[in-house]
There are 2 protein chains.
Amino acid sequence: MKSGQRRVVIENVSPEINCGQHAAKRVVGQQFEVSADILADGHDVLNAHIKYKHEKARTWKYAPMKLSDNDRWSGTFEVEKQGYYEYTVEAWVDYPLTWQHNIERKIDDNQHVNIELEDGIQYLEEVKTLSNQHTEYLDGLIKAFTNSKSYNYAIDEARSEKLHDIFWKNPTKKFSTVYDKLLPLYVDREKALYSTWYEFFPRSAAKKEGEHGTFKDVLDIIPYVKKQGFDVIYFPPIHPIGTAHRKGKNNTTNALPGDVGVPWAIGNKEGGHKDILPELGSLEDFKEVIKVAGENGIEIAMDFALQCSPDHPYVKEHPSWFKWRPNGTVQYAENPPKKYQDIYPIYFESDDWENMWDEFIGITLYWNELGIKIFRVDNPHTKPFGFWEYLIAEVKKTDPDVLFLSEAFTKPKTMQRLAKIGFSQGYTYYTWRNNKAELIEYMTELTKGPMKDYFRPNFWPNTPDINPWMLQGGNENLYIIRHMMAATLSSNFGMYGPVYEQIDNAAVVGKEEYLNSEKYEVRHWDWTKTNKLTQLVAKINQIRKEHKALQFTNNIDFCQIDNEQILAYFKQSEDGKDSMLMVVNLDPYNRQGGWVQVPRHKMGISGNQPMRMTDQITGNSYIWNQEWNFVELDPYQVPYHIFSIDY
Amino acid sequence: MKSGQRRVVIENVSPEINCGQHAAKRVVGQQFEVSADILADGHDVLNAHIKYKHEKARTWKYAPMKLSDNDRWSGTFEVEKQGYYEYTVEAWVDYPLTWQHNIERKIDDNQHVNIELEDGIQYLEEVKTLSNQHTEYLDGLIKAFTNSKSYNYAIDEARSEKLHDIFWKNPTKKFSTVYDKLLPLYVDREKALYSTWYEFFPRSAAKKEGEHGTFKDVLDIIPYVKKQGFDVIYFPPIHPIGTAHRKGKNNTTNALPGDVGVPWAIGNKEGGHKDILPELGSLEDFKEVIKVAGENGIEIAMDFALQCSPDHPYVKEHPSWFKWRPNGTVQYAENPPKKYQDIYPIYFESDDWENMWDEFIGITLYWNELGIKIFRVDNPHTKPFGFWEYLIAEVKKTDPDVLFLSEAFTKPKTMQRLAKIGFSQGYTYYTWRNNKAELIEYMTELTKGPMKDYFRPNFWPNTPDINPWMLQGGNENLYIIRHMMAATLSSNFGMYGPVYEQIDNAAVVGKEEYLNSEKYEVRHWDWTKTNKLTQLVAKINQIRKEHKALQFTNNIDFCQIDNEQILAYFKQSEDGKDSMLMVVNLDPYNRQGGWVQVPRHKMGISGNQPMRMTDQITGNSYIWNQEWNFVELDPYQVPYHIFSIDY
């Protein structure tokens with residue numbers, strides 16, 4: 001049985017994910033808030049702090065906690081380094097502060113407190129042993145507390161702010177309680193939270209129509225991507241593509257001669273996951289792409305798709321990594337009654353799973369060694385959770401800079417679990433959240449509920465797999481709106497181009513699939529083409545760079561506005577220095593207006609103090625000095641305002 | 001690293017209180033539902049069960065779980081014995097069922113499945129090793145699955161309900177995952193959930209005005225309490241009362257000669273917590289009270305108030321159990337600037353805490369040995385949580401029948417914590433929940449949120465410490481209403497009488513205190529007096545006995561009714577056999593009417609099937625055959641209906 005003298009209990013610590021099984025996530029430089037319910041019997045004064053350290057630090061640090069309401073305490077500290085932190089909460093009955101609290105009330109009641117003063121000497125003696133900064137003052141008090149001639153001085157000092165401060169800064173922590181779990185926090189580099197992705201097929205990079213694009217062609221596209229303001233280029237798989245059961249254009253079952261196949265059907269005689277499709281170029285060419293992109297402030301994200309075409313070398317080298325049918329063939333992918341004979345899924349229940357895991361970790365480490373620090377993982381929800389948990393932890397031990405984006409468009413709890421076990425970012429349902437209520441509900445779930453601590457959303461208006469119903473019939477205005485919201489609701493966002501910015505929205509009838517999809521064929525694009533959307537993409541990416549408030553997601557607050565077609569939201573940087581108001585017309589056809597409520601209270605603006613609202617797109621400036629302000633947005637001009645607020 | 005072949009993850013198990021630190025609570029005979037999120041990669045068929053056992057059982061039992069929605073699974077089992085149960089969740093990819101699911105879809109698609117049939121033989125072989133009930137059938141299938149002549153038979157049986165049932169009942173549980181915590185459940189006797197309390201001061205039991213009541217007098221009151229239908233009599237402390245700083249009538253600071261003092265100022269020369277106030281009688285007299293009460297189906301609940309008067313024997317015997325001031329006196333109770341010099345609180349930080357705890361446990365065991373199985377604990381929130389957790393566990397090891405009611409009218413999280421650490425029941429805020437919205441909100445918090453699993457409310461319209469504002473000005477109708485709601489909203493309820501049923505509501509001006517409170521003086525009552533309220537109390541207690549639906553609290557559902565002055569609620573027994581509808585007019589002055597919606601859907605009543613509504617108070621019967629029905633209640637007649645529903 002534990003010490004019966006310990007009176008404080010700590011419960012309901014937050015963040016605490018699955019009882020501390022999974023780490024909360026932050027990026028370097030962020031504030032980390034920890035809260036807890038702290039209770040004790042009776043009415044004594046309590047005190048508490050967060051106890052934390054980086055995994056490599058030798059000593060604990062402490063951050064003070066304060067009581068907010070209803071026995072809830074909270075405090076914050078800044079995370080400075082990548083890697084794991086551990087944190088917990090320590091709380092105690094603060095006997096010196098309780099003594100001071102009580103004597104103050106008695107003095108105010110004009111009671112004679114000579115016995116209470118005498119009682120206080122023990123606390124003065126204790127605090128002397130904890131700090132040698134106030135010895136003289138404390139010695140003086142000890143004398144005064146027992147000398148009736150200095151009674152008035154004694155009672156003044158007994159309840160003084162100075163003594164309170166000494167007690168508060170030097171807690172005795174007698175009989176303190178430490179919460180029974182050390183909780184994990186994982187800190188990533190900043191890109192985990194603020195990144196701007198552009199996806200394209202390198203094979204569509206050729207200058208001449210009809211040619212297969214190469215990495216050399218890609219070098220000429222990097223300036224476009226840089227001009228557009230992106231900092232991550234994500235390529236679909238760049239590995240040799242299977243020939244057995246290869247798919248033809250528009251997902252036809254049998255490829256015709258010259259059909260290039262699906263990049264996700266990985267592996268053929270020329271190699272597998274560590275090899276490069278010869279048509280794209282050599283390993284040296286790819287290294288050059290990584291290098292030139294890096295010089296332009298752009299990282300290359302690789303696709304990590306753990307599946308094999310029937311001609312992948314693994315099939316012969318590691319037959320036990322596949323499931324074999326009684327007829328001696330390998331089990332191809334299926335979702336009965338549908339068959340996907342061009343794909344062999346990995347048999348993760350293999351008895352040889354340990355070697356298999358090592359090999360797959362080896363793939364990521366191989367590319368990481370060549371400079372790849374971001375992996376977009378294809379369909380992680382079709383491989384075991386435990387595998388990803390182990391792989392991500394192992395890779396991050398080698399290079400903590402490595403980030404993993406989970407491409408799991410699946411059930412909510414599966415997406416959440418993938419984030420809990422280590423994925424740095426996740427694709428989201430944003431692609432299908434269209435109206436105001438849906439958008440607010442979804443953003444609230446992501447940023448105000450438990451997910452805020454472990455799931456970093458990455459918003460995409462489209463992907464090669466998703467030509468959303470809404471965009472299929474959309475006009476340019478809608479593309480402009482959906483892009484702007486992705487880029488300002490979420491600090492991580494991406495788009496798949498040039499199909500998006502060139503508004504190439506032809507679809508397979510009845511499906512959310514692109515017609516003539518680049519998944520099945522080489523396309524040709526005019527990479528020099530500019531339009532309203534390309535200009536706005538570049539502009540918004542520039543605004544995101546200049547405004548810290550847009551580099552976070554959880555800092556969003558939706559604003560009241562009396563029009564269901566207008567969405568308004570406010571974001572502020574943690575230091576309070578950068579405040580932004582976004583107002584967007586969701587209706588791509590009609591001018592909409594309404595009165596928007598600005599959270600002046602949150603910014604500490606009172607009365608009718610003016611705010612200068614500068615539209616970062618147009619450069620126009622307005623003075624607002626009220627809480628409610630009228631806005632009107634014409635979708636055929638710019639369907640939104642992105643205001644910076646100065647006051 | 002764990003087995004990589006395990007693909008299922010289990011999380012968010014419920015109930016799980018503070019990560020399994022505290023036990024969920026049920027009473028013997030209740031159903032216990034366990035839920036969990038169960039996930040795996042891919043689309044295979046999953047399966048799960050609850051794994052549980054009583055602490056004294058040697059082998060595990062299993063209860064099947066079913067998928068409800070959004071990856072949430074749940075199952076139930078019935079708890080049969082008092083004491084601790086352990087439970088957890090086990091889940092697995094069900095390979096045989098996955099095989100059956102897939103082959104069924106292929107057969108429906110007219111695919112030829114001879115390879116799939118061959119593949120299925122392994123599952124037939126496996127299930128043969130788990131059950132010998134179907135050997136012949138399974139052997140036949142194994143032959144048929146490889147014989148092209150019996151193909152039609154094979155595909156019929158492959159997707160048969162019979163084979164599904166064999167697989168489902170004999171899971172291989174290959175690579176199964178067991179949730180990483182064994183969770184505790186504590187099962188009490190039924191009285192923990194369904195009890196009917198009557199509190200009175202035995203010293204007010206004398207037949208002659210001006211005399212001090214005795215236990216012998218109490219014997220004559222037991223028939224009244226029985227007639228009124230109560231099954232617990234709770235006495236304020238019956239121990240010797242301190243004389244130092246004794247309080248006089250109406251809480252005056254200095255007692256006059258003849259003043260009897262406050263029963264909660266425990267201890268004087270004549271003894272302490274194990275002794276009896278001589279004016280009440282002898283230990284033998286008290287034992288007689290316990291015996292006679294028992295013969296009448298009534299248990300005696302003792303007050304357990306851990307504090308001492310200055311003349312309690314502990315002060316001399318165990319000076320270290322009190323806090324001493326620098327002037328050599330004991331620290332009396334205070335809430336600065338207020339002083340309570342008649343009470344010495346226990347100093348729980350004493351270095352001698354282990355002996356102290358043993359002594360206090362000894363007090364409860366002493367009375368328990370004499371037949372006391374219920375303790376109403378006075379102000380538990382002013383003593384350490386850890387102390388109660390240990391004491392309750394120790395006492396229940398000796399006698400699992402012992403129940404503890406927490407008298408903690410304090411902050412919500414403190415009340416919750418006391419329930420978590422073991423208190424069987426708790427007083428509540430019911431006393432101050434008056435209007436419809438407040439009542440519904442509070443009942444919802446108690447019965448639909450996390451508290452439902454560990455906090456058993458006990459509703460009291462009044463106590464000796466609380467003469468609620470609302471009742472102070474209330475007429476008889478209001479007393480009738482407040483009593484009825486206490487007794488039908490909560491399966492545990494109590495009242496402090498005869499002050500309540502005789503509507504003696506004189507108050508100390510400006511306080512929720514009774515004037516001429518029995519806390520400070522002997523009162524005299526006419527125990528033969530009957531009135532409308534006493535008749536209704538007896539009637540409702542009889543209805544509670546006859547209707548299982550009223551013996552539970554969490555089974556409440558509020559019904560829509562288009563009048564803010566009428567509260568309507570439905571309760572049903574777990575077996576569905578007893579359905580009750582309560583409709584109460586909250587307005588004690590005016591007749592109120594409205595249309596109430598009966599949850600016919602919940603009872604499985606469709607169309608316009610009639611329900612016979614029998615008012616259990618008046619015996620009147622009505623036929624309702626619609627969802628919405630009109631009611632009207634005159635507070636000067638009976639302000640409520642308590643309907644049983646037959647259909």
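A:Phe630 is partly exposed, with a relative accessible area of 43%, where buried means under 20% relative accessible area, exposed over 50% and partly exposed in between, for a 1.4 Å probe and protein chains only. This is a predicted model, in which local features need pLDDT of at least 70 and side-chain atom pairs count only at pLDDT 80 or more, whereas totals for chains, interfaces and linings use all residues. Residues are numbered from 1 along each chain as its sequence is written, chains are lettered from A and ligands numbered from 1 in the order in which they are written, and side-chain values use heavy atoms, with hydrogens and water left out.

A:Phe630 sits in strand β29 (residues 628–633) of chain A; helices (H or I, at least four residues) and strands (E, at least two) are DSSP runs numbered from the N terminus. Together with A:Trp595 and A:Trp628, A:Phe630 makes a nonpolar surface patch of about 330 Å². Patches are made of residues with over 30% relative accessible area and no salt bridge, like charges being joined within 9 Å and nonpolar side chains (Val, Leu, Ile, Met, Phe, Trp, Tyr) within 5 Å, and the accessible areas come from the Shrake-Rupley method with a 1.4 Å probe, only the protein chains shown counting as cover for residues.

Chain A also holds an open sheet of 6 strands in the order β23-β24-β25-β30-β27-β28, with antiparallel pairing; two strands pair if DSSP finds at least two bridges between them. At the edges stand β23 (556–558) and β28 (621–624) of chain A, each with a single partner strand, so one side of each is left without a neighbour in the sheet. On average, neighbouring strands of this sheet are turned by 25° against each other, direction ignored. Helix α14 (residues 476–489) of chain A lies across β23, β24, β25 (579–585) and β30 (640–646) of chain A, and runs at about 25° to β24(A); axes are lines fitted to C-alpha atoms, for helices over the stretch in contact, with angles from 0 to 180 degrees between N-to-C directions, and contact means heavy atoms within 4.5 Å.

We turn now to charged pairs. Over all chains, the whole structure has 91 salt bridges, each being a side-chain nitrogen of Lys or Arg within 4 Å of a carboxyl oxygen of Asp or Glu. In one of them A:Asp41 pairs with A:Arg7, the closest N and O atoms being 3.1 Å apart. A:Asp41 lies in the loop between β3 (31–40) and β4 (46–54) of chain A, and A:Arg7 in the segment before β1 (8–14) of chain A, so the pair ties together parts that are 34 residues apart in sequence. Both A:Asp41 and A:Arg7 are buried.

Another salt bridge joins A:Asp453 to A:Arg26, with 2.8 Å between the closest N and O atoms. This pair links distant parts of the chain, 427 residues apart, with A:Asp453 in the loop between α12 (436–448) and β21 (457–459) of chain A and A:Arg26 in strand β2 (residues 24–27) of chain A. A:Asp453 counts as buried at 6% relative accessibility, and A:Arg26 is buried with a relative accessible area of 10%.

Finally, B:Thr382 lies in the loop between β18 (374–378) and α10 (385–398) of chain B, and is partly exposed, with a relative accessible area of 30%. Not counting residues up to four places away in sequence, B:Thr382 touches A:Asp41 and A:Gly42.
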